[in-house]
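I opened my notebook to look up a few residues. Here is the structure I worked from.

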Amino acid sequence: MTVWLRGDHLLRHRGPLSRRPDEPLLLVEAESFARKLPYHPHKLTLVFAAMREFRDAVRESGRTVHYRRAETFADGLAAHLDEHPDDLVTTEPQTDAARERLRSLVADAGGTVQFVPDERFLCSPDRFDAWASGGRYRHEDFYRFMRRETGYLMDGSDPVGGEWNYDDRNRETPPEEWTPADPPTFDHGETVTETAEWVAETYAGGYDGPPYGGDWADPEPFRWPVTRRQAVRALDHFVTYRLADFGPYQDAMRDEAWAMSHSLLSTSLNLGLLGPEEVIERAIGAYETGDAPLNSVEGFVRQVLGWREFLRHVYRREMPELAGANQLDAQEALPEFYWTGDTDMACLSDVVEGVRKRGYSHHIERLMLLANFGLVYGVEPERLNRWFHAAYVDAFHWVTTPNVVEMGLYGAGVFATKPYAASANYVDKMSDYCSGCPYYKTKTTGEGACPFNALYWEFLDRNEDELRSNHRMGLMYSHVDNKGEEEWAGIRERADEIRTMAREGEL
Ligand code: SF4
């Protein structure tokens, strides 16, 4: 038996590698796979460098590692099985369809493959399916179920502190003099340097699809952990310097603070360099020693124990329909500025610029700026999903699809209970962008009016048939009802103007 690990399953002390200490390891780098989308070079550097570092670390431990570099997975597997005929064992992919694709890929290469559980997650498919058998999914119910199942932040059968969440303490905007701790840096060695150069040369010609009209020129130096040791340092850094402030400011946005106090651990969790239980337990440990408040720790635990696990299973159960879901029938193309950052809108310009530099922006910028704009503008969900998938270092299809198609763009209605639509009012409350923006945050129509405003009202108007009966939208529609015909004419005219400006690159 040979353990075959894919590039986002780099688990050494858990999973099939630890359970089969005497078996060789196979890793396959497929060059063409990375041409499916115009991926950010940091994302490609991250995955390929992490695989190469993993290869070296496992070899140093004395195990045989077969490392294949090939044009496709099919080529790499065929070449390997030709030389070393053996049965393969690998971790379960996220969906039944993906499992069948892998099975036939290996069969075509002349081998067989056995699947074992994916230990990057805490909740197994059977456990989730048993929980979900009651009907519609609700994240809050799942999260409480997981708290009870694992005992994390539990005091007997009650939540520690008496509440299941502390959201009411986690919506603050930081005082002006507040500055977050600097994000950690890593002393990347030759592997990262060589991989980054190789990525630049290999993918300079672009990717295999239609042109997207943008590139990722001039990113900052690569900054993400690529080894287990670096990932553990990133975890230490977060728990020591950032966790305490994470909770209260988790929804806030600051022009000069791209990371705020977010954990920056998603790349390491999604590649398997860190396990969910160790990051949760470190955070809870900080609460128990009095180094981080409960609202911060609970907010972080909810992301890892709740949302990350929940979305993975929603994806597993709702694919392939979820990827193409579009219940609001949004048909617009993605505005070019998502690629270039070339817009006068101060909020979106800054966030896209950050994505261009680092392949990253934090959660609330993703949801309330990038996805919110896509939602009210009417971008087809699949298109925005592709952009997130290509642009973010921590994005994999199982992560972005439920987050973008469902949560951000309300594409399917499988778990989101309402669309996250917001106007400049929200952006202004949670950020410092509006004061430096050439658009007027308080204007809805006419020249210079903030694009979010007219688009927000026009979105509610355009989707009234689908949304008015939703009881969570009642307040919004009471405001819709207060507007007169003349006001609506101005809103529609401004929304049309904004779409024209966006198409012409003048927004
Ligand atoms: Fe963004 Fe509008 Fe605020 Fe400008 S005014 S920063 S476009 S929300």
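My entries on a charged patch and two loop residues follow.

**Entry one: the patch.** I noted first that this is a predicted model. I looked for charge on the surface. I found a patch of negative charge there, made by Glu 176, Glu 177, Asp 255, Glu 256 and Asp 432. I then picked out Asp 432. I placed Asp 432 in the loop between helix 18 (424-430) and helix 19 (451-462). Its relative accessible area is 32%, so I wrote down "partly exposed". That label covers values between the 20% and 50% cut-offs.

**Entry two: Cys 123.** Next I went to the loop between strand 5 (113-116) and helix 5 (125-132), where Cys 123 is found. Is Cys 123 buried or exposed? Cys 123 counts as buried, because its relative accessibility is 1% and buried means under 20%. I left aside neighbours within four places in sequence and listed its contacts. They are Phe 128, Phe 142, Met 146, Glu 309, Arg 312 and His 313. I also checked Glu 149, which is 26 residues from Cys 123 along the chain. Their C-alpha atoms are separated by 9.5 Å.

I moved on to the loop between helix 16 (381-391) and helix 17 (397-408), which holds Ala 395. Ala 395 has a relative accessible area of 2%, so I marked it as buried. Which residues does Ala 395 contact, leaving aside neighbours within four places in sequence? I found Lys 43, Phe 388, His 389 and Thr 400. Asn 270 is 125 residues from Ala 395 along the chain, yet the C-alpha atoms of the two are separated by 8.4 Å.

How values were computed
Residues are numbered from 1 along each chain as its sequence is written. This is a predicted model: local features need pLDDT of at least 70, side-chain atom pairs count only at pLDDT 80 or more; totals for chains, interfaces and linings use all residues. Side-chain values use heavy atoms; hydrogens and water are left out. Patches are made of residues with over 30% relative accessible area and no salt bridge: like charges are joined within 9 Å, nonpolar side chains (Val, Leu, Ile, Met, Phe, Trp, Tyr) within 5 Å. Accessible areas come from the Shrake-Rupley method with a 1.4 Å probe; for residues, only the protein chains shown count as cover. A salt bridge is a side-chain nitrogen of Lys or Arg within 4 Å of a carboxyl oxygen of Asp or Glu. Lys and Arg count as positive and Asp and Glu as negative; His and the chain ends are not counted. The place of a charge is taken as NZ of Lys, CZ of Arg, CG of Asp or CD of Glu. Helices (H or I, at least four residues) and strands (E, at least two) are DSSP runs, numbered from the N terminus. Buried means under 20% relative accessible area, exposed over 50%, partly exposed in between (1.4 Å probe, protein chains only). Contact means heavy atoms within 4.5 Å.
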